[in-house]
Amino acid sequence: MDLAMVGQVRRFNRMVTQRVGALNERFLARDRSLGESRVLWEIGAKGRDVRSLRAQLGLDSGYLSRLLRSLEESGLITVEATKSTKGFASRG
């Protein structure tokens, strides 16, 4: 893979996300970031196993944990312990 091309694509992606405001803390005039909005969308109405959510989004455990705690503190979701110890997130 050509590293110059990868760099060019990354610069383009950063420019576009900055222009549309996707990196702002109040994405789409909401009180949550793009990351929080995406996690909330993926949890959906039925809820999601945290392990499958992390795999689906390709996020590391620490970052996903911070996003889940933020959504939980906002009263938007509930995170429950399960036998797998990885947890289950559902809309609150």
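1. Strands here are DSSP runs of E with at least two residues, numbered from the N terminus. By that rule, R48 belongs to strand β1, which covers residues 48-49. Please keep in mind throughout that this is a predicted model.

2. Is R48 buried or exposed? Buried means under 20% relative accessible area, and R48 counts as buried because its value is 18%. A polar atom of the R48 side chain also lies 3.2 Å from the backbone oxygen of E42.

3. The start of α3 deserves a look. There, the backbone nitrogen of R51 has a side-chain oxygen of D49 within 3.0 Å.

4. Which residues of helix α3 are buried? In this helix, residues 50-57, they are V50, L53 and L57. They sit on the same side of α3, because the arc they cover around the axis is only 60°. As a reminder, an α-helix has 3.6 residues a turn, so residues three or four places apart point the same way.

5. Finally, the surface. F12, M15, V16 and V20 make a nonpolar patch of about 350 Å². One of these residues, F12, is found in helix α1, residues 3-20. F12 counts as partly exposed because its relative accessibility is 48%, and partly exposed residues fall between the buried limit of 20% and the exposed limit of 50%.

Terms used
Residues are numbered from 1 along each chain as its sequence is written. This is a predicted model: local features need pLDDT of at least 70, side-chain atom pairs count only at pLDDT 80 or more; totals for chains, interfaces and linings use all residues. Side-chain values use heavy atoms; hydrogens and water are left out. Patches are made of residues with over 30% relative accessible area and no salt bridge: like charges are joined within 9 Å, nonpolar side chains (Val, Leu, Ile, Met, Phe, Trp, Tyr) within 5 Å. Accessible areas come from the Shrake-Rupley method with a 1.4 Å probe; for residues, only the protein chains shown count as cover. A salt bridge is a side-chain nitrogen of Lys or Arg within 4 Å of a carboxyl oxygen of Asp or Glu. Helices (H or I, at least four residues) and strands (E, at least two) are DSSP runs, numbered from the N terminus. Buried means under 20% relative accessible area, exposed over 50%, partly exposed in between (1.4 Å probe, protein chains only). The arc is that of the directions from the helix axis to the C-beta atoms. A polar contact is a pair of N or O atoms within 3.5 Å; within protein, one must be able to donate a hydrogen and the other to accept it, and residues adjacent in sequence count only if both atoms are side-chain atoms.
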